Amino acid sequence: MSVRPVLRLPAPVLKQPAAAVVDVHDEEVQALCVDLVDTMRGSPACVGLAANQIGVPLRVFVVDVTGHRKARSCAGELVLVNPVLVESSAPELAREGCMSVPDLTCDVPRPTSVVVAGLTPDGAERTVVADAFEARALLHELDHVDGLVFLDRVASHASVFRRRVYR
């Protein structure tokens with residue numbers, strides 16, 4: 001389909017909880033799923049993207065940590081519709097970045113293992129058990145569909161850093 005522009009803060013849609021998808025088979029929902037994958041693939045170093053980051057306030061996201069050096073678990077390319085957190089472990093602090101806040105990174109506490117459930121684009125139920133970096137990526141995207149950005153999770157300004165530019 002197409003690579004879509006990624007919204008940045010202070011875009012209002014990034015701070016609003018997304019609506020549940022009523023019909024996963026709807027043509028617009030199907031096109032959204034494809035656009036999310038295309039946009040993630042077209043964005044260097046991107047491992048996840050939520051629908052509201054491209055201006056669509058629906059509970060849909062994509063995550064793929066394949067080949068990432070910090071990944072232990074890897075479910076491959078995951079497109080989840082109406083995702084929910086089923087289970088999580090104790091949190092651990094680690095650095096995160098976000099395409100919607102491109103100039104900053106933050107130390108964010110997140111569980112190190114999770115179980116997330118949702119629907120695939122074909123309507124099948126999918127449950128994902130993830131740890132380490134993949135768990136963090138799933139939780140980051142769940143936050144987006146809940147109307148949160150990673151800045152909402154930091155404990156203090158001391159946990160916010162200017163993003164380094166590597167050449």
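These are my notebook entries on what I looked up in this predicted model.

**Ground rules**

I number residues from 1 along each chain as its sequence is written, and I use heavy atoms for side-chain values, with hydrogens and water left out. Since the model is predicted, local features need pLDDT of at least 70 and side-chain atom pairs count only at pLDDT 80 or more, while totals for chains, interfaces and linings use all residues.

**Entry 1: the whole chain**

I started with the secondary structure, where helices (H or I, at least four residues) and strands (E, at least two) are DSSP runs numbered from the N terminus. I found two helices and eight strands, and from the N terminus on they run α-β-β-β-β-β-β-β-α-β.

I then looked up the radius of gyration, which is taken over C-alpha atoms, with a globule rule of 2.2 Å times the number of residues to the power 0.38. For 167 residues a compact globule would have a value near 15 Å, and the chain has 15 Å, so the two agree. Along the principal axes, the C-alpha atoms fill a box of roughly 45 × 30 × 30 Å.

For burial I used relative accessible area (buried is under 20%, exposed is over 50%, partly exposed is in between, with a 1.4 Å probe and protein chains only). Buried residues make up 46% of the 167 residues. I also looked at contacts, meaning heavy atoms within 4.5 Å: among those between residues at least 6 apart in sequence, 66% join residues at least 24 apart.

**Entry 2: the nonpolar cores**

A nonpolar core is a set of buried Ala, Val, Leu, Ile, Met, Phe, Trp, Tyr and Cys residues joined through side-chain atoms within 4.5 Å. Which members of the largest core touch the most other members? Of its 19 residues, these are F61, V114 and L138. At least two residues each come from β2 (60-63), β3 (78-88), β6 (113-119), β7 (125-131) and α2 (132-145), and α2 gives the most, with seven residues.

**Entry 3: a sheet of three strands**

Strands of a sheet pair through backbone hydrogen bonds, either parallel or antiparallel. I counted two strands as paired if DSSP finds at least two bridges between them. Three strands form an open sheet in the order β4-β5-β8, with antiparallel pairing, and the edge strands, β4 (91-98) and β8 (160-162), each pair on one side only. Neighbouring strands here are turned by 25° against each other on average, direction ignored; axes are lines fitted to C-alpha atoms, for helices over the stretch in contact, and angles run from 0 to 180 degrees between N-to-C directions.

Eight bridges join β4 to β5 (residues 101-111), and these two strands form a hairpin with two residues between them. In β5, R95 has D107 as its bridge partner, and E92 stands opposite R110.

**Entry 4: two loop residues**

R59 is in the loop between β1 (48-50) and β2. Is R59 buried or exposed? R59 counts as buried because its relative accessibility is 13%. The side chain of R59 makes a polar contact with the side chain of D146 (2.7 Å); this term means a pair of N or O atoms within 3.5 Å, where within protein one must be able to donate a hydrogen and the other to accept it, and residues adjacent in sequence count only if both atoms are side-chain atoms.

V149 sits in the loop between α2 and β8 and is buried, with a relative accessible area of 2%. The C-alpha atoms of V149 and L9 are separated by 8.9 Å, although these residues are 140 residues apart along the chain.

**Entry 5: backbone details**

A cis peptide bond, with omega about 15°, joins L9 and P10, and P10 is in the segment before α1 (27-41). I noted a positive phi near 55° for N82, a residue other than glycine, which lies in strand β3. Phi of A132, also a residue other than glycine, is near 50°, and A132 is in helix α2.
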